[in-house]
Amino acid sequence: MKICFQSSAIYQNNTFNKTHSNKTRNQSSHKCYGNPNFKSGNKYLRGIAGFGVATFATLLSLIGINLHNNSYKTLSQSGVINYVEPLQTDFETRDEAILYAKNRVIEALNAPKPYEHLVLIDNATNEILAEFKGDENQVVECLSAWDEICVAFNGKGYTSIHGHPENKNGSTNPIGFTDFLSLINTPKNTVIAAVSRDGNISALTKLPYYSQPEDKKIENIKNGIVEILAKSFQRTQPQMYDSLYNAFFSTTDSLKKAKISSTFDSILNLQDTTYECHRLLHKFWEKQAPKLGLKYYTNFKRNNYRK
């Protein structure tokens with residue numbers, strides 16, 4: 001979005017080297033953008049927490065945010081999002097709110113035609129901020145202007161919980177690169193969790209010492225995940241991998257090289273569904289998440305990660 005989450009690919013140079021990739025299919029289901037109408041008000045909100053409701057209400061008029069034009073229903077009607085009215089919004093505890101979100105997500109994953117459902121939870125109040133319906137590949141989400149303000153005012157951010165549909169081989173993609181991008185590119189988002197159809201979770205959480213990673217670190221994470229996809233291809237289809245590799249380097253014809261590379265990429269695009277990829281990605285996040293100020297957690301089919 002302009003105010004949303006949606007699928008995106010990972011791009012690399014179109015050359016056969018250690019990572020051998022031009023474009024790979026998204027390991028996850030969304031990326032996040034902020035609400036542009038709220039940026040002008042952020043600097044004011046940080047200084048008013050102690051001034052009470054009256055000052056808060058006055059601030060809204062001063063910064064001139066049109067709440068109606070940024071409401072979920074208005075954005076949904078315009079086709080920006082597919083907003084779903086929550087069945088319940090208020091919960092006494094965080095655990096109750098998370099259980100509600102998981103159940104909503106699992107229901108969508110077990111529908112006759114499974115789809116991604118996303119729920120946002122205010123960390124300070126345990127309120128369900130909004131829900132969104134996606135399809136089998138992605139889900140689009142946003143915060144309304146009002147919820148942007150409330151989350152900033154409460155000061156503890158929000159949690160994003162969404163579903164990852166089961167692949168044809170019975171696997172479920174764990175937390176991936178676009179989930180990671182969504183988390184780090186959204187300051188108020190403190191937790192991003194992917195849920196499988198059986199209720200297991202794969203998640204990244206910002207730790208107290210978290211700080212926005214530099215572009216070089218983000219590029220290294222991207223390259224590391226692309227390398228995982230290439231390794232999965234090499235290990236699951238070694239003959240095909242070697243055949244394409246040898247064919248690429250045995251010709252000087254640029255058109256043939258382009259065709260071979262395209263074939264390689266089309267196979268690489270499917271690697272995010274393999275158990276080998278998931279095993280490697282699990283090890284990757286275990287090692288890299290703490291270096292980024294993140295906590296990685298999963299109970300996705302642990303036996304597939306122990307080899």
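**Figure 1. Ring pairs join six aromatic residues into a cluster.** The members are Phe233, Tyr241, Tyr245, Phe248, Phe249 and Phe264. Rings of Phe, Tyr and Trp (its six-membered ring) pair if their centres lie within 6.5 Å; planes under 30 degrees apart count as stacked, over 60 as edge-to-face and the rest as tilted. The model is predicted: local features need pLDDT of at least 70, side-chain atom pairs count only at pLDDT 80 or more, and totals for chains, interfaces and linings use all residues. Residues are numbered from 1 along each chain as its sequence is written, and side-chain values use heavy atoms, with hydrogens and water left out.

**Figure 2. Two tilted ring pairs.** The whole structure contains 13 aromatic pairs. In one of them, Phe91 and Tyr100 have ring centres 5.2 Å apart and planes at 40°, so the pair is tilted. Phe91 is buried at 13% relative accessibility, and Tyr100 is buried at 11%; buried means under 20% relative accessible area, exposed over 50%, and partly exposed in between (1.4 Å probe, protein chains only). Phe233 and Phe264 also form a tilted pair, with centres 5.0 Å apart and planes at 55°. Because Phe233 lies in helix 7 (residues 215–236) and Phe264 in helix 9, this pair ties together parts that are 31 residues apart in sequence. Helices (H or I, at least four residues) and strands (E, at least two) are DSSP runs, numbered from the N terminus. Phe233 is buried at 0% relative accessible area, and Phe264 is buried at 1%.

**Figure 3. Lysine charges over aromatic rings.** Lys257 places its charged end over the ring of Phe248, 4.0 Å from the centre. Lys133 lies over the face of Tyr115, with a distance of 4.8 Å to the ring centre. A charge sits over a ring if NZ of Lys or CZ of Arg is within 6 Å of the ring centre and within 35 degrees of the ring normal.

**Figure 4. The largest nonpolar core has 33 residues.** A nonpolar core is a set of buried Ala, Val, Leu, Ile, Met, Phe, Trp, Tyr and Cys residues joined through side-chain atoms within 4.5 Å. Phe180, Leu204, Ile221, Trp285 and Leu294 touch the most other members. At least two residues each come from helix 6 (177–184), strand 7 (189–195), helix 7, helix 8 (238–249), helix 9, helix 10 and strand 9 (294–298). Helix 7 gives the most, with seven residues. Leaving aside neighbours within four places in sequence, Trp285 is in contact (heavy atoms within 4.5 Å) with Ile175, Gly176, Phe180, Leu204, Ile221, Ile225, Pro290 and Tyr296.

Figure 5. Thr274 is buried, because its relative accessibility is 14%. Its side chain makes a polar contact of 2.7 Å with the side chain of Ser232. The side chain of Thr274 also reaches the backbone nitrogen of Cys277 at 3.0 Å. A polar contact is a pair of N or O atoms within 3.5 Å; within protein, one must be able to donate a hydrogen and the other to accept it, and residues adjacent in sequence count only if both atoms are side-chain atoms. Beyond its neighbours within four places in sequence, Thr274 is in contact with Asn169 and Ser232.

Figure 6. The whole structure has zero disulfides (pairs of cysteine sulfur atoms within 2.5 Å).
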